Amino acid sequence: MTGSTATTGGADAPAPPKDRSPAGANGKGPGLMAGPAGRQLGLVVALALLCIVGAVTAPERFVDIDNVLTILRLAAVIGVVSIGMTFVIIGGGIDLSVGALVALSSVWATTLATQQMAGNFHWIVMVLTAIAVGAGAGLVNGIVIAYGRIVAFIATLAMLAAARGLAEIIANRRTQIVQNQGFLDFFTGDVLGVPTLVVIWALVSIGGWVLLNRTTFGRHTFAVGGNAEAARLAGIRVQWHTLKLYVLSGITCGIAAVMLMARTTTGSSTHGTLLELEVIAAVVIGGTLLTGGRGTIVGTVLGVLIFTTLGNVFTLNNLSSSVQAVARGVIIVLAVLLQTRLAEGRGDGPGWLSRFRPGRGESSSGGPVAGGTPAGAVSGGSSVPGAPGGDRPGAGPTP
């Protein structure tokens, strides 16, 4: 087994000096866009340039406060789902069912029975119902992917079809009107002049940032997405953690369904159509690697704002929906190409993640290399069996 000596005898190996050279692997040194802060600065500049284009091409309509609030309300629904999707993608998966889950949650929460129950008790019943349905569907996704070892792309694609069909059956292909006035008054109101929907997006984003950057759950998410086998050897319950990621994604879909119900005053099986494409595009534009292991909540928020503002500029300039679709497709491809170049030219992920990467911590012969940590240290010094890589639950073969 390659590297067995190094992994079992990690305690006897001399501590390798850390490579603190500012230069990258190619010796050219980090550029302006080298770190997360640099990438986010680039996103801010892109958003500013987009706003300038909107202000120049449609000066009277784009800078109007009502238009700005419209952009924020539209971004809020996409933004909440994008937070859950960011966790899933950083964890090495993908969730194509988010749009259908939003539709299913909204339809279930606006059934006659649920609305009557909400009328007898409180409109919070509708909110809890939508979130519970989203979480339940996410749980099914997680079980199938993590324990059924079905590729996430296939499993969530199947859930997309099933959830959309179930929503049509429940609603009988009819749009269900939200009749609870208390529900509408709360979610269509504002807090200190800021729409409630935007406040909810901000709270979900802050909660997501804390969860990703300040908790063990977040560190495990990076580890599972960066190298699932190394994470397992480090003691992380990869399957259980993967399941929780999809439940989290389902919960954000339930919250987004509530927001969409308030914005449209309806529950419909057509809600969230193609939402998965917008969400994935926003997350990718925000700098999250589709291969997992790297991403930020701030980048996702900026990606959502860029994607939504872009659509608003297109609409104000009377571009057809076909042209908008083509432009968005080109932008998504460019974003993926850009992040691929960044990942190839430099290591990716937080510095501590290098401990979980065998390629960084071991030489080809299994010995420690400068800047790395023996795998035995990661696994607590125990013998490391030679397990094949790329068996992350729900993940396809490593490219």
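Residues are numbered from 1 along each chain as its sequence is written, and side-chain values use heavy atoms, without hydrogens or water. Because the model is predicted, local features need pLDDT of at least 70 and side-chain atom pairs count only at pLDDT 80 or more, while totals for chains, interfaces and linings use all residues.

Select helix α4 (residues 65-90) and helix α13 (residues 238-264), whose axes come within 7 Å and cross at roughly 175 degrees; the two are therefore roughly antiparallel to each other (an angle over 145 degrees). Among the residues that meet here are Leu74, Val77 and Phe87 in α4 and Leu248, Ile255 and Met259 in α13, and the residues of this contact divide into 15 nonpolar, three polar and two charged.

Thr114, Gln115, Met117 and Ala118 of α6 make the contact with Val125, Met126 and Thr129 of α7 (contact meaning heavy atoms within 4.5 Å).

Finally, select Arg39, Gln40, Gly286, Gly287 and Thr296, which lie nearest the centre of the largest cavity among its 10 lining residues (a cavity is a set of points on a 1 Å grid where a 1.4 Å probe fits but cannot get out, and lining residues have an atom within 4 Å of a point). This cavity has a volume of about 60 Å³, and helix α2 (residues 36-57) gives the most to its lining, with four residues.

Note on methods: On a 1 Å grid over the protein atoms alone, a cavity is a set of points where a 1.4 Å probe fits but cannot get out, and a pocket is an open set with protein on both sides within 12 Å along at least five of seven lines; lining residues have an atom within 4 Å of a point. Grid points are joined across faces, edges and corners, and a volume is the space filled by probe spheres set on the points. Axes are lines fitted to C-alpha atoms, for helices over the stretch in contact, and angles run from 0 to 180 degrees between N-to-C directions. Angles under 35 degrees count as roughly parallel, over 145 as roughly antiparallel, 65 to 115 as roughly perpendicular and the rest as oblique. Ala, Val, Leu, Ile, Met, Phe, Trp, Tyr, Cys and Pro count as nonpolar, Asp, Glu, Lys and Arg as charged, and the others, Gly among them, as polar.
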